[in-house]
Amino acid sequence: MLSGGRNLFDLDEIQQLINNLKSFSRQTDREQTKLLAMWEFFGDDTKFQIFTFGIEPKEKVCEKLVNYFQNISVKSEAYLSLAKELIEKYEKNKSKLSHREKRRYLEDAIDVLQKIVQEAEKKKMQLPNEDEICLTIARAYLLRSKIYRPKGMTIPERKKEALRKALEWVEKVNFQILTEAYLVKSEIYLELERTGKSLPKDAETVFEKALNNCSGHPDIIAQIAVHWAELKNDANITKEILETKVLNQKNVRSLKKAKAAFLLGDDNETKQHLN
């Protein structure tokens, strides 16, 4: 087990978790499995050791514990929920976190999910949410790569390694089941390009799939749209996408809009967004 939990939860959160465990039998199934995942993963942290004494020894509770530890499908859902919560906490608080704390959030999220993947492989079992787990690991590695910034002209090896692993995990996903994988893969490609790598041969297709199948994240979508338009190099084909995904979006930065207008040959709008 990891000892990472000690920096990720404050005392109020620990107390709330302990209170929840004391009323374990009255929690919903989702809440129960989440509590058990936290207990198992962070159990070596001294603040969490009180969990052992918090669960009521009732028959239904014992059945729940047996089901959790024997049913890998139940456990995998709990671990996925915990990993997503760690990533969400990271994204919400990253402006206030130290470099070490940022790494801890993301590395614990990765370790949580790799633990369940390894357990499934050992038992030769298929996880029902395997695609989502692989995509979440890929996203965590992508986020981890972004915390390593270039030093002058030198790209940190840890950044390269994180991007390599992000790409490795996203390739495990069935893109037909989880089309959001196109968005994550596109982001990985954009981050790879920032390290000086050329875009892979399938970049144009991946970008196009992301634009046609994914929503939300307007600034990321705008970046993808601009790169896709540059690869297409044909304003007649790219006009609709650039207008809907970039120029008509309120939450897209002016510089991106200026680039989109430039690609469409609209000098007036380009100047307008640059001023």
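Predicted model: local features only at pLDDT ≥ 70, side-chain atom pairs only at ≥ 80, totals over all residues.

Visitor: How do you know which elements the protein chain contains?

Guide: Helices (H or I, at least four residues) and strands (E, at least two) are DSSP runs, numbered from the N terminus. By this criterion the protein chain has 13 helices and 0 strands.

Visitor: What is the pLDDT of the protein chain, and where is the mean lowest and highest among its elements?

Guide: pLDDT is the predictor's confidence in each residue, from 0 to 100. Its mean over the protein chain is 83, and 76% of the residues reach 70 or more. Over residues 1-7 the pLDDT stays under 50, and the model has 22 contacts beyond four places in sequence for them. Residues 46-53 are also below 50, with 18 contacts beyond near neighbours in sequence. Contact here means heavy atoms within 4.5 Å.

Visitor: Why is Val252 called buried?

Guide: Buried means under 20% relative accessible area, exposed over 50%, and partly exposed in between, with a 1.4 Å probe and protein chains only. Val252 has 7% relative accessibility and therefore counts as buried. Its place is in the loop between α11 and α12 (254-263). Leaving aside neighbours within four places in sequence, Val252 is in contact with Pro218, Asp219, Ala222, Lys245, Val246 and Lys257. The C-alpha atoms of Val252 and Ile221 are separated by 9.1 Å, although these residues are 31 apart along the chain.

Visitor: Why are Gln223 and Glu119 classed as buried?

Guide: Gln223 has a relative accessible area of 13%, so the term buried applies. Glu119, at 17%, is therefore buried as well. Gln223 lies in helix α10 and touches Leu190, Arg194 and Lys256, not counting residues up to four places away in sequence. Glu119 belongs to helix α5; with the corresponding residues left out, Glu119 touches Ile72 and Lys75. Over the protein chain, buried residues make up 47% of the 275 residues.

Visitor: What makes Asp234 partly exposed?

Guide: The relative accessible area of Asp234 is 29%, so this residue is partly exposed. Asp234 lies in the loop between α10 and α11. Its C-alpha is 8.5 Å from that of Leu264, a residue 30 places apart from Asp234 in sequence.

Visitor: How do you know where the buried residues of helix α9 lie around the axis?

Guide: The buried residues of α9 (residues 203-213) are Ala203, Val206, Phe207, Ala210 and Leu211. They cover an arc of only 135° around the axis and are therefore on the same side of α9. The arc is that of the directions from the helix axis to the C-beta atoms. An α-helix has 3.6 residues a turn, so residues three or four places apart point the same way. The cover over the buried residues of α9 includes α8 (180-194), α10 and α11.

Visitor: What makes Lys172 count as lying over the face of Trp169?

Guide: A charge sits over a ring if NZ of Lys or CZ of Arg is within 6 Å of the ring centre and within 35 degrees of the ring normal. Lys172 lies over the face of Trp169, at 5.0 Å from the ring centre.

Methods: Residues numbered from 1 in each chain as written. Heavy atoms only, no water.
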